[in-house]
Amino acid sequence: MSSAAANTAAPDDGLNRTMITVSIMLATVIQALDGTIANVALPHMQGSLSASQDQITWVLTSFIVAAAIATPLTGWLCDRYGQKNIFLTSVAGFTIASVLCGLSGNLTEIVLARMLQGVFGAALVPLSQSTLLDINPREKHGSAMAVWGMGVMIGPILGPTLGGWLTDAYDWRWVFFINVPIGAVAFYGIWRYIRHSAAPRKMKFDAFGFATLSLAIGALQMVLDRGEQNDWFSSTETWVEVIILALSFAYFVAHTATRPAGQSFFDYRLLRNSNYVSGLLFIFIVGLVLYATRALTPSMLQSLMGYPAKIAGLVTAPSGIGTMIAMMFVGRLVGKVDLRLLLGTGFLITAFSLWQMTQYTLVLSQSDIVWPGVIQGLGLGLVFVPLSAATFATLTPELRADGTAIYSLIRNIGSSIGIALVQTLLARNTQTVHASLTEHITIANPALLNNLATPEAAATLNNEITRQAAMISYVDDFWMMMIATLCVIPLLLLIRPPAKSAPVAVDHAAME
């Protein structure tokens, strides 16, 4: 985007800025929703598409892997073809791919359609962030990032609830058809209110850099998504994926380091900005620690406490209320309060909510689930907005498209690693605790032996031991994440608050 813009807004800039914000956030929400909305519909898809449980997980994996590989392309595509063109293509392609998902008649068709969704949707989140930064002056970047954060965070939170309702009330295909009207409105708004950016530079495409980075990202996502299912390094598939990951990433680093500036796929000028590098570290940790909780709670409620998918979604969704409340207020504090203080407060609130979750037992009321979630949402909102503002505060406009793409990629990788880690520890700790609990069942207890006179009684006892072992393992995961959250706080010293300066110009060339 051009940085040579007027210092004052045209008379209609306020309205146009609002319409641009609404349009791009609609696009962001449908992309963020589709990362989780299909989860609760998987059992229905499995029966409809005649797929096994192992096969149906490719509906999720294909989307995640395709999006991860395509995300780093965002900066180069915008440089080559212009930001508005890529935005429109992404929204249109994502919407059409959603229709194809809903019309799929077999597993192959829906996996291919989900891959298309991932490819076209990859640019939506980084482009929305970059555009909001471009059309707002620096003193409003906190508020802009609050709006962007709501779209990014509310999507995954509401996904399971909306997906469960659509599946139960209509059909699993409506999980994808719901994107069509939203995508159409977003497409019109982007086409109507965003102007074409300045003439693109048409940077030469670094095919080898893209290929090696894509292989590395794809292999990493495959390891994380299928590792637990394949028993990790007991599987040949996991070893092959790890070898591909290591070799391709090593080639990418060596290739990038030896290319002249501006000719490599990854613009390493980004790494010279200390605030940006610190922001990448923290958003990775946010994904690693905080997003994993979102994966644990619904599975705990459904597997141990018998909650239907719809009810599990409803009691976890209020955490989004906490996030929205925090984001509405914190956007106004950015630039007035030390960012490190806001981030530290957010992490402390998050740690407190995780401590509350360590008190969980097999007997819980719905309020016991709702309130820790709301509190965690408050903490997450306090972290997400100032972190985004600090990360991009000193980044030049021409690096924003690349910067936001890598930022989104690192956040997604962190969340994938975090989810894989807690799920692995959950499975292994459940086995360990189960073995420990069964050691206390001995023939020295006559009352117990009398109750195990039939196979049915023995099976009932084993099921209860498994439930208790799983509950202890869930609590252990919450303890681990709470400790990790507290350990992150001293690292806030790595962030340097951006110097207060005169408001920067807004790129009015982007608005009509």
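## The nonpolar cores

The largest nonpolar core holds 100 residues, and those with the most contacts inside it are Trp 148, Met 300, Met 471 and Phe 478. A nonpolar core here is a set of buried Ala, Val, Leu, Ile, Met, Phe, Trp, Tyr and Cys residues joined through side-chain atoms within 4.5 Å. Buried means under 20% relative accessible area, with exposed being over 50% and partly exposed in between (1.4 Å probe, protein chains only). Helix H14 (residues 274-305) gives the most to this core, with 13 residues. Apart from it lies another core, of 19 residues, including Met 45, Val 59, Leu 60 and Ala 113.

This is a predicted model, where local features need pLDDT of at least 70 and side-chain atom pairs count only at pLDDT 80 or more, while totals for chains, interfaces and linings use all residues. Residues are numbered from 1 along each chain as its sequence is written, and side-chain values use heavy atoms, leaving out hydrogens and water.

Back to Met 471: leaving out residues up to four places away in sequence, it touches Met 300, Leu 304, Met 305, Tyr 360, Thr 361 and Leu 362. Contact means heavy atoms within 4.5 Å.

Helices (H or I, at least four residues) and strands (E, at least two) are DSSP runs, numbered from the N terminus. The expected span is 1.5 Å times one less than the number of residues. At the start of H13, a side-chain oxygen of Ser 235 comes within 3.1 Å of the backbone nitrogen of Glu 237.

H13's buried residues are Thr 238, Glu 241, Ser 248, Phe 252, His 255 and Thr 256, and helix H12 (207-226) is part of what covers them. Take Thr 212, which is found in H12. Thr 212 counts as buried because its relative accessibility is 7%. Setting aside neighbours within four places in sequence, Thr 212 is in contact with Ser 248, Tyr 251 and Phe 252.

## Gly 118 in helix H7

Gly 118 sits in helix H7 (residues 107-121). With 0% relative accessibility, Gly 118 counts as buried. Not counting residues up to four places away in sequence, Gly 118 touches Phe 63, Ala 66 and Ala 67.

## Helix H16

Helix H16 (residues 319-333) reaches 21 Å from its first C-alpha to its last. Among its buried residues are Gly 320, Thr 323, Met 327 and Val 330. Just after H16, Gly 335 takes a positive phi of about 95 degrees.

Definitions and conventions: Polar contact = N/O pair within 3.5 Å; in protein donor to acceptor, adjacent residues only side chain to side chain.
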